[in-house]
Amino acid sequence: MRIDVVTIFPSYLQPLREALLGRAIDRGLLEVAVHDLRDWTHDVHQAVDDSPYGGGPGMVMRPQVWGEALDDVLATPDLPARLVVPTPAGRPFTQATAHAWAAEERLVFACGRYEGIDERVLLDARARGITVDEVSIGDYVLVGGEVAVLVMVEAVARLLPGVLGNPRSAAEDSFSDGLLEGPSYTRPEVWRELAVPDVLRGGNHAAIARWRRDRALERTRDRRPDLLDALGPDALDAADRAA
Ligand SMILES: N#Cc1c(-c2ccc3cc[nH]c3c2)n[nH]c1N
């Protein structure tokens, strides 16, 4: 997968080259290119924003600069691409989104700042046949799109074949079966007088699977009842309903 990020703060994306993702890049599983939006300005001040039509607080990012940047970035390399624009006004970015995007050849992320990007940039891209996704990583407001891109790139990249050491991790993590993951334990057996649940040390794999499912159901019921509602009535069997 090829990922391009356009931003006025390229250094914000440096964490993508650390740890697991850095190793995935080094192994050629992922290609990441970060572009400084100011490279497409032509004035001495390298202006990327201007006052909003209609008034209001803050500034809006100029369409000319974004248009030229996306023209170049989307054309090189010329791969089928999905343009992703993080925004608090976007559709929710979920694990399902991450799975869908993991199948893409290329993702191009446009990081807004200030009050966002002039709407015509998105309209123009769509008019030229580019798939444009306006997405939000949560119901809170950030200062710019860069942090959201870090979140989304990590969520997508970890699903790419070979990136995670154990592919079962992605298959069994939270949301994979519609539920939150239950609690995890490791050695020692007892720590500060707190013992690991006996079932996990017993070796009965069916009992362990049942216990883990029950803990996941309890946690989901307690913290995210909306996920249970989304599962629908047939998703839970009698044992689940008894949990
Ligand atoms: N995704 C996302 C966001 C944002 C966000 C994204 C882009 C910009 C550009 C200026 N301010 C921004 C906030 N805030 N909260 C979210 N869940």
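Is glutamine 95 buried or exposed, and what is its relative accessible area? Glutamine 95 is buried, with a relative accessible area of 19%, where buried means under 20%, exposed over 50% and partly exposed in between, with a 1.4 Å probe and protein chains only.

## Basis of the report

This is a predicted model, in which local features need pLDDT of at least 70 and side-chain atom pairs count only at pLDDT 80 or more, while totals for chains, interfaces and linings use all residues. Residues are numbered from 1 along each chain as its sequence is written, and side-chain values use heavy atoms, with hydrogens and water left out.

Glutamine 95 belongs to helix H3 (residues 95–101); helices (H or I, at least four residues) and strands (E, at least two) are DSSP runs numbered from the N terminus. Leaving aside residues up to four places away in sequence, glutamine 95 touches Arg158, Leu159, Asp173 and Phe175, contact being heavy atoms within 4.5 Å.

Threonine 87 lies in strand E5. With residues up to four places away in sequence not counted, threonine 87 touches Glu134, Val135 and Ser136. Between threonine 87 and valine 163 there are 76 residues in sequence and 27 Å in space, C-alpha to C-alpha.

## The β-α-β unit

Strand E1 (residues 2–7) pairs with strand E2 (residues 31–36) in the parallel sense over 6 bridges; pairing requires that DSSP finds at least two bridges between the strands. Within this pairing, valine 6 stands opposite histidine 35 in E2.

E1, helix H1 (residues 19–26) and E2 make a right-handed β-α-β unit. The crossover is right-handed if, with the strands pointing away from the viewer, the path from the first strand over the helix to the second runs clockwise.

## Helix H2

Helix H2 (residues 63–75) has 13 residues and reaches 18 Å from its first C-alpha to its last, close to the 18 Å expected at 1.5 Å a residue; the expected span is 1.5 Å times one less than the number of residues. The buried residues of H2 are Val65, Trp66, Ala69, Leu70, Val73 and Leu74. Seen down the axis of H2, these buried residues fall within an arc of 135°, so they line one face of the helix; the arc is that of the directions from the helix axis to the C-beta atoms.

The cover over the buried residues of H2 includes E1, E2, strand E4 (60–61), strand E5 (82–92), strand E6 (106–110) and helix H4 (119–127).

## Aromatic pairs

A search of the whole structure finds 4 aromatic pairs. Rings of Phe, Tyr and Trp (its six-membered ring) pair if their centres lie within 6.5 Å; planes under 30 degrees apart count as stacked, over 60 as edge-to-face and the rest as tilted. The rings of tryptophan 101 and phenylalanine 109 have centres 6.4 Å apart and planes at 70°, so this pair is edge-to-face. Tryptophan 101 counts as buried at 3% relative accessibility, as does phenylalanine 109 at 0%. Ring pairs link Phe93, Trp101 and Phe109 into a cluster.

Tyrosine 185 and tryptophan 211 form a tilted aromatic pair, 6.4 Å centre to centre with 55° between the planes. This pair links distant parts of the chain, 26 residues apart: tyrosine 185 is in the loop between helix H6 (167–172) and strand E8 (190–191), and tryptophan 211 is in helix H8 (residues 205–223). Tyrosine 185 counts as partly exposed at 42% relative accessibility, whereas tryptophan 211 counts as buried at 15%.

## Helix H8

In H8, Ile208, Trp211, Asp214, Arg215, Ala216, Leu217 and Thr220 are buried. What covers them includes helix H7 (198–201), helix H9 (225–231) and helix H10 (238–242).
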